[in-house]
Amino acid sequence: MSAVPDGKKLVRSPSGLRMVPENGAFTSPFSLDEPQWVPDKECPRCMQCDTKFDFITRKHHCRRCGRCFCDKCCSQKVALPRMCFVDPVRQCAECSLISQKEVEFYDKQLKVLTAGGTFLVKVDSSEKSETMVCRLSNNHRYLFLDGESHFEVELSRISSMQVLTEGSTPGGGSLRASGMVLQYKPPGSQNLQQLHMDTADDKRVASAWLAAMHKAAKLLYESRDQ
């Protein structure tokens, strides 16, 4: 194990080399823990095609699900940023498809989220709205909202998130994200607050931000449920 700049460290696990935060409290809320590998003695056959393992047919563990497969059923090496692997790692066919979609999120949607969008923001039942730029922090742990005032929402304290849409359906064109309602617990409080956001100014950029946030929410809930 060796320390590197920016508060991260290199860790070598049985699955590969990982770059993780030195302080676990700063782990991305989208991250997943490495799975426990199915013990070799419990998998005499490939868990996909049922081929028996022997000296010629070797067993391999999928780095995402931890199950045992033959080389044919676990031959793809795909990036797995949610587990902080430095290099692409071996995954089964099912997991590799999921990881490939997540790589697109990390390559595209995260950049949209950290760039931010402009919204009309209301807090709780207030009738007053404020124009604010909302963006995801670089460590993915907070939503920063900046206008005349500034406040932050920690993603781990969001209890629900709903993306609002507008447009014609069905068969009359595609829906467009027009706003978001989220409920969260402020630091030091167990009481829920509600945040209502509507697109403002450049609606195209704001709608793209909301669409990316919708995908982020799915990863966030999945990480919590692991």
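1. The second largest pocket is lined by 13 residues, and Thr 27, Ser 28, Pro 29, Ser 156 and Leu 220 are those nearest its centre. A pocket here is an open set of points on a 1 Å grid over the protein atoms alone, where a 1.4 Å probe fits, with protein on both sides within 12 Å along at least five of seven lines; lining residues have an atom within 4 Å of a point. Its volume is about 180 Å³, a volume being the space filled by probe spheres set on the points, which are joined across faces, edges and corners.

2. The model is predicted: local features need pLDDT of at least 70 and side-chain atom pairs count only at pLDDT 80 or more, while totals for chains, interfaces and linings use all residues. Residues are numbered from 1 along each chain as its sequence is written, and side-chain values use heavy atoms, with hydrogens and water left out.

3. Helix α2 (residues 203-225) contributes the most to the lining of the second largest pocket, namely three residues; helices are DSSP runs (H or I, at least four residues) and strands likewise (E, at least two), numbered from the N terminus. Domain 1 (8-112) and domain 2 (116-167 + 176-225) both supply lining residues, so this second largest pocket lies between them. The domain bounds come from an automatic or database domain assignment.

4. The largest pocket has a volume of about 430 Å³. Among its 18 lining residues, Lys 8, Pro 21, Ser 28, Cys 84 and His 140 are the closest to its centre. The largest pocket also lies between domain 1 (8-112) and domain 2 (116-167 + 176-225), because both give residues to its lining.

5. The largest nonpolar core holds 32 residues, of which Phe 30, Leu 143 and Trp 209 touch the most other members. Such a core is a set of buried Ala, Val, Leu, Ile, Met, Phe, Trp, Tyr and Cys residues joined through side-chain atoms within 4.5 Å. Nine of its residues, the largest share, come from α2. Both domain 1 (8-112) and domain 2 (116-167 + 176-225) contribute to this core, so it lies between them. A second, separate core of twelve residues includes Phe 53, Cys 62, Cys 70 and Cys 74.

6. Ala 177 belongs to strand β13 (residues 176-184). Ala 177 counts as buried because its relative accessibility is 12%, buried meaning under 20% relative accessible area (1.4 Å probe, protein chains only). The C-alpha atoms of Ala 177 and Trp 209 are separated by 8.8 Å, with the two residues 32 apart along the chain.

Conventions: Buried < 20%, exposed > 50% of the residue type's maximum accessible area, 1.4 Å probe, protein only.
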